[in-house]
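Please look through the sequence and the structure shown here before reading the report that follows them.

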Amino acid sequence: MKLLETAGEVAHGLNYKLFVVGGAVRDLLLGRTNLDLDLVVEGNGVEVAQQLAARLNAKLVVHNRFGTATLYPDGKGLDIITARREGYPHPGALPVVQPSNLADDLFRRDFTINTLAMKIEPGPFGELIDPYGGQQDLENRLIRILHPKSFIDDATRILRALRYEQRLGFKLEEFTAGAIRRDLAMLDTISGDRLRHELELIMKEPYPERIFRRMDEVGALSKLVLSWKGDSVIEKRMALARQAEPSSPLYLALFVYPLDLADTEQFIARMRYPQKVAQILRQTLELKTKLPLLTSADLLPSDIYRLLKEYSPTAI
């Protein structure tokens with residue numbers, strides 16, 4: 001609160017308007033903890049960040065090209081963004097941005113529940129701004145896109161919709177659900193790097209297997225890896241993984257476990273995984289073929305060692 005009050009005072013002194021937007025406001029209304037704050041400035045976001053950094057004696061990283069800055073007041077990043085509008089040169093492209101106002105900045109977001117904003121000014125501190133009915137959709141527990149071309153502009157929103165649906169226990173609004181099925185082919189327009197980033201976010205969720213099941217149900221999973229099928233055994237193994245080592249690499253190794261080596265190689269190439277991660281996935285498939293050798297009752301510890309010594313702990 002003190003940080004927000006100080007930021008509001010700095011923006012007010014520059015005659016700019018400052019808002020907290022997106023997930024922090026959504027989760028505040030849901031009663032969920034979220035200290036990942038995004039601040040949007042109607043004005044010059046970099047200027048606000050520079051003055052706030054000076055007030056707090058905090059480290060600052062500026063991205064002038066995008067009119068954004070990241071402040072590190074306590075070691076954790078705080079993003080301060082100049083309000084902007086976006087345009088997409090073609091489906092799947094990264095957006096072209098230019099400075100604008102809060103209304104345009106909120107309209108570029110993915111779902112109504114992420115368009116909520118809160119004023120951070122000395123006078124109307126905490127006043128809610130809700131131009132797209134996000135609060136009503138929170139109450140009705142719905143995930144809703146802002147416009148019919150949302151998934152065409154950026155098909156990674158399909159994966160985010162399913163991620164939020166499962167994290168929050170919400171439902172897809174009827175038109176949004178239909179648009180996902182209509183626009184599944186647009187996932188082919190997304191680069192492997194961006195798809196990999198979305199998968200990494202899914203792996204960090206409390207129950208990634210639920211999201212994979214939903215991706216399979218709507219047909220999104222086959223756009224990432226052709227032969228993966230939702231499997232209750234894999235879901236149980238992911239649940240066990242949480243008791244042992246709840247990490248993204250382990251979840252990812254379990255994710256490829258049902259695949260054969262050819263499909264795994266296709267998945268690695270599509271997602272552009274770095275060599276270290278790719279090696280874990282390949283080793284997982286190799287180890288799967290060696291499981292019968294490990295079932296012998298008269299195996300010595302030295303035999304087990306020889307079978308497993310070349311493999312990473314995550315793959316094992």
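The model is a predicted one, and the account begins with strand 5, which spans residues 78–82. Of its 5 residues, 4 are buried, so strand 5 is largely enclosed by the rest of the structure.

| Strand paired with strand 5 | Sense | Bridges | A bridge to strand 5 |
|---|---|---|---|
| Strand 2 (residues 38–42) | parallel | 4 bridges | Val41 with Thr82 |
| Strand 4 (residues 68–72) | antiparallel | 4 bridges | Leu71 with Leu78 |

Strand 4 and strand 5 also form a hairpin, with 5 residues between the two strands, and in the turn of this hairpin Gly75 has a positive phi of about 90 degrees. As a general point, the side chains of a regular strand alternate between the two faces of the sheet.

Arg157 is buried and yet has no salt bridge; the nearest side chain of opposite charge is that of Asp154, at a distance of 4.3 Å, whereas a salt bridge requires the charged atoms to be within 4 Å. The side chain of Arg157 does, however, reach the backbone oxygen of Arg108 at 3.0 Å. When neighbours within four places in sequence are left aside, Arg157 is in contact with Arg108 and also with Tyr88, Arg109, Asp110, Phe111, His147, Ser150 and Phe151.

Notes
Residues are numbered from 1 along each chain as its sequence is written. This is a predicted model: local features need pLDDT of at least 70, side-chain atom pairs count only at pLDDT 80 or more; totals for chains, interfaces and linings use all residues. Side-chain values use heavy atoms; hydrogens and water are left out. Buried means under 20% relative accessible area, exposed over 50%, partly exposed in between (1.4 Å probe, protein chains only). Lys and Arg count as positive and Asp and Glu as negative; His and the chain ends are not counted. A polar contact is a pair of N or O atoms within 3.5 Å; within protein, one must be able to donate a hydrogen and the other to accept it, and residues adjacent in sequence count only if both atoms are side-chain atoms. Contact means heavy atoms within 4.5 Å. Two strands pair if DSSP finds at least two bridges between them.
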